[in-house]
Amino acid sequence: MLKATVYVTIKQSVLDPQGVAVQGALHSMGFGEVDKVRVGKYLEFELGTADRVEAEQRVKSMCEKLLANTVIEDYRYELV
């Protein structure tokens, strides 16, 4: 069994309004040194296979079909 960790982030060329809101909130709380906040998603799940090649194909397919909007988001994953 393999564990997948997936990180999804907004592409650098895309405005991140949630990141802007978090940065503004941090500034209002006295953390003025924070700059260029980007908000993303972190997912962990187990795969019922020990075949690393199959797992990579399946995770990539999951990311491209559901977990990431590849028009505006980038993703990367790790298998352990």
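The legends below describe a predicted model of one chain, first as a whole and then in close-up. Local features need pLDDT of at least 70 and side-chain atom pairs count only at pLDDT 80 or more, while totals for chains, interfaces and linings use all residues. Residues are numbered from 1 along each chain as its sequence is written, and side-chain values use heavy atoms, with hydrogens and water left out.

**View 1. Fold and dimensions of the chain.** Two helices and three strands make up the elements of the chain, in the order β-α-β-α-β from the N terminus. Helices (H or I, at least four residues) and strands (E, at least two) are DSSP runs, numbered from the N terminus. The C-alpha trace spans about 50 × 25 × 15 Å along its principal axes.

View 2. Of the 80 residues, 24% count as buried (buried is under 20% relative accessible area, exposed over 50%, partly exposed in between, with a 1.4 Å probe and protein chains only). Among contacts with a separation of 6 or more, 69% come from residues 24 or more positions apart; a contact means heavy atoms within 4.5 Å. The chain carries 10 positive and 12 negative side chains, and the centres of the two sets lie 4 Å apart. Lys and Arg count as positive and Asp and Glu as negative, with His and the chain ends not counted; each charge is placed at NZ of Lys, CZ of Arg, CG of Asp or CD of Glu.

**View 3. The aromatic pair Tyr 7 and Tyr 42.** Rings of Phe, Tyr and Trp (its six-membered ring) pair if their centres lie within 6.5 Å; planes under 30 degrees apart count as stacked, over 60 as edge-to-face and the rest as tilted. The count by this rule is one aromatic pair. The ring centres of Tyr 7 and Tyr 42 are 5.4 Å apart and the planes stand at 55°, so the pair is tilted. Tyr 7 belongs to strand β1 (residues 2–10) and Tyr 42 to strand β2 (residues 40–47), so the pair links parts of the chain 35 residues apart. Tyr 7 is partly exposed at 24% relative accessibility, and Tyr 42 is partly exposed at 47%.

**View 4. Surroundings of Val 14.** Val 14 sits in the loop between β1 and α1 (17–28). Its relative accessible area of 21% makes Val 14 partly exposed. Leaving aside residues up to four places away in sequence, Val 14 touches Arg 38 and Ile 72. Arg 58 lies 44 residues from Val 14 in sequence and 27 Å away in space, C-alpha to C-alpha.
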